[in-house]
Amino acid sequence: MANLKEIRNRIVSVSSTMQITSAMKMVSAAKLKKAQDAITAMRPYSEKLTELIQSLSASLEGDVAANYTTQREVKKVLVVAITSNRGLCGALNNNVIKQVRVLTDIYGHDNIGVFAIGKKANDGLHKSNYVIANRSDIYDDLTFDNVAEIAQSLTHLFLDGEYDKIELVYNQFVNAATQNVVNEQFLPLAPIKGGNAISSDYIFEPSKEEIVLELIPKSLKTQLYKAVRDSFAAEHGARMTAMHKATDNATDLRNQLKLTYNKARQAAITGEILEIVGGAEALNN
């Protein structure tokens, strides 16, 4: 059994760790509320806009929209891996990295590139030489304008023919305890699921070209912003849950150490009493 000083030092260490995890839990809980409100308000708008764009692009096949909708032979694929800059959030970032590696096995190691948004994606994949760019600075000022710059760069990579397909991999926020890894096609524009395209004739005002050239890029920027916002909310939800569990585990460990310390102290006191009694009996004899 460890001596009393070692047990006391461990109790102090565990108590200090428990204070840190508890503080991190409260910070993430405060940030989660704002992030959750933002993604909850934005998600219906983004999904409806994406649905509208898919329907519109289907009616404009062979027109200006062909630049965004043409399904090319997939030779080069760009995966946008969206993670956090910091750890201590459970398996959140590892799940994204695992999904990227699954896509690497599907498309081939020589046919894939990774655009990292978040330091953890860059750290986890840079040794494989997949990462072509890293924008971990986006979380310093997470605004639509900053994310729109990244979306515009990705669009240019596709339109210039450097990549034939672009996919987003990120964590979708469900609640504080649940985050789902999502693999979402960014470009070319995915067709409507089930083929339920709207067959009605459209009356375009202004012209068809103006709508396509303005609305589709804005939709892509909104889609990427939603993905980053989803990942941001999922990060704080996962960290709050992880720090809550860590605090509970630290509390249990501290209680066990206190019990061990009390037993060791009682055993030491009992031993000292026995030595005193034994010495006194020896003197009497």
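Q: In which helix is alanine 227 found?
A: This is a predicted model: local features need pLDDT of at least 70, side-chain atom pairs count only at pLDDT 80 or more, and totals for chains, interfaces and linings use all residues. Residues are numbered from 1 along each chain as its sequence is written, and side-chain values use heavy atoms, with hydrogens and water left out. Helices (H or I, at least four residues) and strands (E, at least two) are DSSP runs, numbered from the N terminus. Alanine 227 is found in helix α6.

Q: Does alanine 227 count as buried or exposed?
A: Buried means under 20% relative accessible area, exposed over 50%, and partly exposed in between (1.4 Å probe, protein chains only). The relative accessibility of alanine 227 is 0%. So alanine 227 counts as buried.

Q: Which residues does alanine 227 touch, not counting residues up to four places away in sequence?
A: Contact means heavy atoms within 4.5 Å. With those sequence neighbours left out, alanine 227 touches Ile82, Leu168 and Tyr170.

Q: Which residue in β5 stands opposite tyrosine 170?
A: Strands pair if DSSP finds at least two bridges between them. β4 and β5 (residues 178-187) pair in the antiparallel sense over 9 bridges. They form a hairpin with 2 residues between them. In β5, the residue opposite tyrosine 170 is valine 182.

Q: Which residue in β4 is the bridge partner of alanine 81?
A: β1 and β4 run parallel, joined by 5 bridges. Within β4, the partner of alanine 81 is valine 169.

Q: How many of the 11 residues of β4 are buried?
A: β4 is mostly covered. Of its 11 residues, the buried ones number 8.

Q: How many salt bridges does the structure hold?
A: A salt bridge puts a side-chain nitrogen of Lys or Arg within 4 Å of a carboxyl oxygen of Asp or Glu. One network of them links Arg43, Lys226 and Asp230. For the structure, the number of salt bridges is 8.

Q: How many residues apart in sequence are the parts tied together by aspartate 230 and arginine 43?
A: The closest N and O atoms of aspartate 230 and arginine 43 are 2.6 Å apart, in a salt bridge. Aspartate 230 lies in helix α6 (residues 208-284) and arginine 43 in helix α1, so the separation in sequence is 187 residues.

Q: What is the relative accessibility of aspartate 164?
A: Aspartate 164 meets arginine 72 in a salt bridge (3.6 Å, N to O). The pair links distant parts of the chain, 92 residues apart. Arginine 72 is partly exposed, with a relative accessible area of 27%. Aspartate 164 counts as buried, at 12%.

Q: Which elements give two or more residues to the lining of the second largest pocket?
A: On a 1 Å grid over the protein atoms alone, a pocket is an open set of points where a 1.4 Å probe fits, with protein on both sides within 12 Å along at least five of seven lines; lining residues have an atom within 4 Å of a point. The second largest pocket holds about 280 Å³ of space. Of its 15 lining residues, the closest to the centre are Lys31, Arg86, Glu235, His236 and Arg239. The elements giving two or more residues are α1 and α6.

Definitions and conventions:
Grid points are joined across faces, edges and corners, and a volume is the space filled by probe spheres set on the points.
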